[in-house]
Amino acid sequence: SGKKKSKLKVKEVRNVQLHGDIHRVRCNFCSAEMPCTEEHLHAFENGKAPNCPECTLRCKSGLICSSARALKIGTLRPAIVLYDEPHPLGDDIGTIQTMDIARKPDMLIIMGTSLKVHGLKKLVKDFAKVVHATGTGTTPSGTPKAQKSWQGKVVFVNKTPPGSEWSDIIDYHVAGETDVWVDKVLEDWKKMRPSDWEIQQTLDHTEESSGFKVVKEAATKTKSKGKGGLGLFLCVFILIR
């Protein structure tokens with residue numbers, strides 16, 4: 001996307017960048033966002049903040065149309081969120097958090113953070129509480145629900161172990177590099193469930209009246225939720241310090 005005031009499409013978003021996006025720049029006045037270019041990087045390296053093109057255009061348009069006094073022109077900065085700085089998409093993130101919690105996630109994986117920032121700590125604790133509740137559900141008759149071994153678990157992947165305040169929240173601590181662990185999980189996943197990685201190359205044959213002709217039947221179909229599928233709603237926090 002190009003120049004525009006940043007806003008998340010709540011129902012379509014797959015991940016939330018809590019620390020912003022280093023590959024974009026944002027105006028400190030009108031909040032317009034745009035891709036970070038070589039020109040922006042060159043200006044930053046020389047200690048200069050480029051003028052916002054959106055503000056500049058609006059200022060010129062105002063002068064031409066009404067001969068009014070010049071409007072304020074903001075400057076561009078990397079679209080990252082610093083410590084103790086409000087997130088420009090805070091309202092959208094709050095909406096997404098509420099929606100995800102309502103879906104009752106099965107598992108929570110936390111990676112790449114020391115869990116020391118207050119806002120993030122509260123976010124993780126809120127999700128962990130829901131995840132643990134999911135893992136202790138009961139049937140209408142009062143008997144425990146049949147659960148997978150991973151359901152209702154909170155996993156922390158980090159070289160440094162979590163502090164004592166997390167002893168009743170984090171179920172497993174994986175000590176090591178997050179990238180190495182992720183590569184290992186993907187490797188094992190592909191070996192254990194190769195069907196999850198199959199790609200359907202042709203369209204399914206549905207109705208002759210659809211106007212499409214099936215030239216070749218797909219040998220295999222990608223499996224999703226259902227019998228044998230994962231059927232998993234997984235929340236993952238991946239933060240870069």
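Ser 31 is partly exposed, because its relative accessible area of 25% falls between the 20% and 50% cut-offs. Ser 31 sits in the loop between β2 (20-27) and β3 (32-35). Its phi is near 70°, a positive value in a residue other than glycine. The model is predicted. The protein has 241 residues, 25% of which count as buried.

**Overall layout**

- The protein holds 5 helices and 8 strands.
- Read from the N terminus, the order of elements is β-β-β-α-α-β-α-β-α-β-β-α-β.
- Take the contacts in the protein with a separation of 6 or more: 62% of them join residues 24 or more positions apart.

**Positive phi in loops**

- Most residues other than glycine have a negative phi.
- Asp 84 belongs to the loop between β4 (76-80) and α3.
- Is Asp 84 buried or exposed? Asp 84 is exposed, because its relative accessible area of 85% is over the 50% cut-off.

**Helix pair α3 and α4**

- Two packed helices are described by the angle between their axes and the distance between the axes.
- Helix α3 covers residues 90-102 and helix α4 covers residues 118-134.
- Their axes come within 10 Å and cross at roughly 20°.
- That angle is under 35 degrees, so α3 and α4 are roughly parallel to each other.
- The crossing of α3 and α4 is right-handed.
- From α3, the contact uses Gln 97, Asp 100 and Ile 101.
- From α4, the partners are Leu 123, Asp 126, Phe 127 and Val 130.
- Sorted by class, the contact of α3 with α4 has 4 nonpolar, 1 polar and 2 charged residues.

**Helix α4 in detail**

- The 17 residues of α4 should span 24 Å at 1.5 Å a residue.
- The end C-alpha atoms of α4 are 25 Å apart, which agrees with that span.
- Which residues of α4 are buried? They are Leu 120, Lys 121, Leu 123, Val 124, Phe 127, Ala 128, Val 130, Val 131 and Thr 134.
- An α-helix has 3.6 residues a turn, so residues three or four places apart point the same way.
- Leu 123, Phe 127 and Val 130 are among the buried residues of α4, and these three also meet α3.

- Ala 43 lies in helix α1, which runs over residues 38-45.
- Ala 43 is buried, because its relative accessible area of 16% is under the 20% cut-off.
- With neighbours within four places in sequence left aside, Ala 43 is in contact with Lys 48 and Pro 50.
- Pro 53 lies in helix α2, residues 53-66.
- Pro 53 is partly exposed, with a relative accessible area of 26%.

**Pairs apart in sequence**

- Pro 53 and Leu 76 are 23 residues apart in sequence. Their C-alpha atoms are 9.0 Å apart in space.
- Lys 9 is in the loop between β1 (4-5) and β2.
- Lys 9 is exposed, with a relative accessible area of 56%.
- How many residues along the chain separate Lys 9 from Asp 92? The two are 83 residues apart along the chain, and their C-alpha atoms are separated by 8.3 Å.

Terms used
Residues are numbered from 1 along each chain as its sequence is written. This is a predicted model: local features need pLDDT of at least 70, side-chain atom pairs count only at pLDDT 80 or more; totals for chains, interfaces and linings use all residues. Side-chain values use heavy atoms; hydrogens and water are left out. Axes are lines fitted to C-alpha atoms, for helices over the stretch in contact, and angles run from 0 to 180 degrees between N-to-C directions. Helices (H or I, at least four residues) and strands (E, at least two) are DSSP runs, numbered from the N terminus. Angles under 35 degrees count as roughly parallel, over 145 as roughly antiparallel, 65 to 115 as roughly perpendicular and the rest as oblique. A crossing is left-handed if the near helix is turned anticlockwise from the far one by less than a right angle, and right-handed if clockwise. Contact means heavy atoms within 4.5 Å. Ala, Val, Leu, Ile, Met, Phe, Trp, Tyr, Cys and Pro count as nonpolar, Asp, Glu, Lys and Arg as charged, and the others, Gly among them, as polar. The expected span of a helix is 1.5 Å times one less than its number of residues. Buried means under 20% relative accessible area, exposed over 50%, partly exposed in between (1.4 Å probe, protein chains only).
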